[in-house]
Amino acid sequence: MESSQTLTSSIANKDKRILVLFAHPVPQQSEVNIFLFNDAKNVSNVTAIDLYAHYPDFNIDVIREQQRLVSHDVIIFQFPLYWYSTPSILKEYQDLVLEYGFAYGKGGSALKGKQFFCAISAGGKEEAYQSDGFNHFTIRQLLQPLEQMASITTMTYLAPFALFGSRSASREQRIEKHRSKWRSLLNALATGQFDIERARSIENLADLDILEEPAENQSK
Ligand SMILES: Cc1cc2nc3c(=O)[nH]c(=O)nc-3n(C[C@H](O)[C@H](O)[C@H](O)COP(=O)(O)O)c2cc1C
């Protein structure tokens, strides 16, 4: 018979392993992302990597990063939206790490079936990210190169987890709720306790109702 310790670890082993790849060139000035990154470090089953801290000269260790990808089930790019895209190290990361024969092409199936999404903050307001709004495109439309990267590498692409109006979020006391949703999301991903089809089809993972705290826990 299995000991309770073995049983606990075998249950825990079934949980998905999550890799958060954090990209912020000036984290000491961050009002949003640094807190989410630090929260992620404290969630079990999460490996949280600060790419700019690891690779200040962009000298990315390709083999090491490929091994890291292989050993996780959920891959998250976490970043502040810069020029409607990722900070540059995440482009370098894709260019170097997602090699032919590893991530795509002949024999390139290392990422097959993994879940992928972006956790982003955007300075612009949500209403600006509409076809008739200031930025002309929705956030999902703007992130389509990443969605297609996930497609060609046969990962399952989920909606972004996005905070809009990030520059005023602290003043407007919106960060704590977003952080709480982020922690809930990471836990739900680890245990697989959410509707993956809904997570694929909505605009923003932050709108998933399962991330809402029960009313009795919300501060009055
Ligand atoms: C170089 C640069 C480019 C930016 N580009 C955009 C952008 O394209 N769209 C947008 O909504 N916000 C943009 N912003 C605002 C950032 O998204 C915002 O500062 C960030 O989400 C705040 O997160 P943080 O407090 O963690 O740094 C940009 C900021 C910088 C510094």
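In this predicted model, 17 residues surround the ligand. The closest are His24, Ser30, Glu31, Ser121 and Tyr129. A polar side-chain atom of His24 lies 2.7 Å from a ligand oxygen. In Ser166, an N or O atom of the side chain is 2.8 Å from an oxygen atom of the ligand. Gly123 contributes through its backbone instead: a polar atom there sits 3.0 Å from a ligand oxygen. On its own, the ligand has 620 Å² of accessible area, and the protein covers 77% of it.

UniProt, in an unreviewed entry, places a "Flavodoxin-like fold" domain at residues 16–185. Over this stretch the chain is 33% helix and 17% strand. Its end C-alpha atoms are 13 Å apart.

The largest nonpolar core holds 37 residues. Leu69, Phe77, Phe79 and Phe116 touch the most other members. Several helices and strands each supply at least two residues, among them strand E1 (18–22), strand E3 (74–80) and strand E4 (115–121). Helix H5 (88–97) is also on that list. H5 gives the most, with four residues. Leu69 touches Leu19, Ile75, Tyr93, Val97, Leu98, Phe102, Leu111 and Lys114, leaving aside residues up to four places away in sequence.

Helix H2 spans residues 33–41. Its buried residues are Asn33, Ile34, Leu36, Phe37, Asp39 and Ala40. These pack against strands E1, E2 (46–50), E3, E4 and E6 (161–163). They also pack against helix H8 (175–191).

Conventions
Residues are numbered from 1 along each chain as its sequence is written. This is a predicted model: local features need pLDDT of at least 70, side-chain atom pairs count only at pLDDT 80 or more; totals for chains, interfaces and linings use all residues. Side-chain values use heavy atoms; hydrogens and water are left out. UniProt positions are given in the numbering used here, feature names are shortened, and annotations may be inferred rather than shown by experiment. A nonpolar core is a set of buried Ala, Val, Leu, Ile, Met, Phe, Trp, Tyr and Cys residues joined through side-chain atoms within 4.5 Å. Buried means under 20% relative accessible area, exposed over 50%, partly exposed in between (1.4 Å probe, protein chains only). Contact means heavy atoms within 4.5 Å. A residue is near a molecule or strand if one of its heavy atoms lies within 4 Å of it. A polar contact is a pair of N or O atoms within 3.5 Å; within protein, one must be able to donate a hydrogen and the other to accept it, and residues adjacent in sequence count only if both atoms are side-chain atoms. Accessible areas come from the Shrake-Rupley method with a 1.4 Å probe; for residues, only the protein chains shown count as cover.
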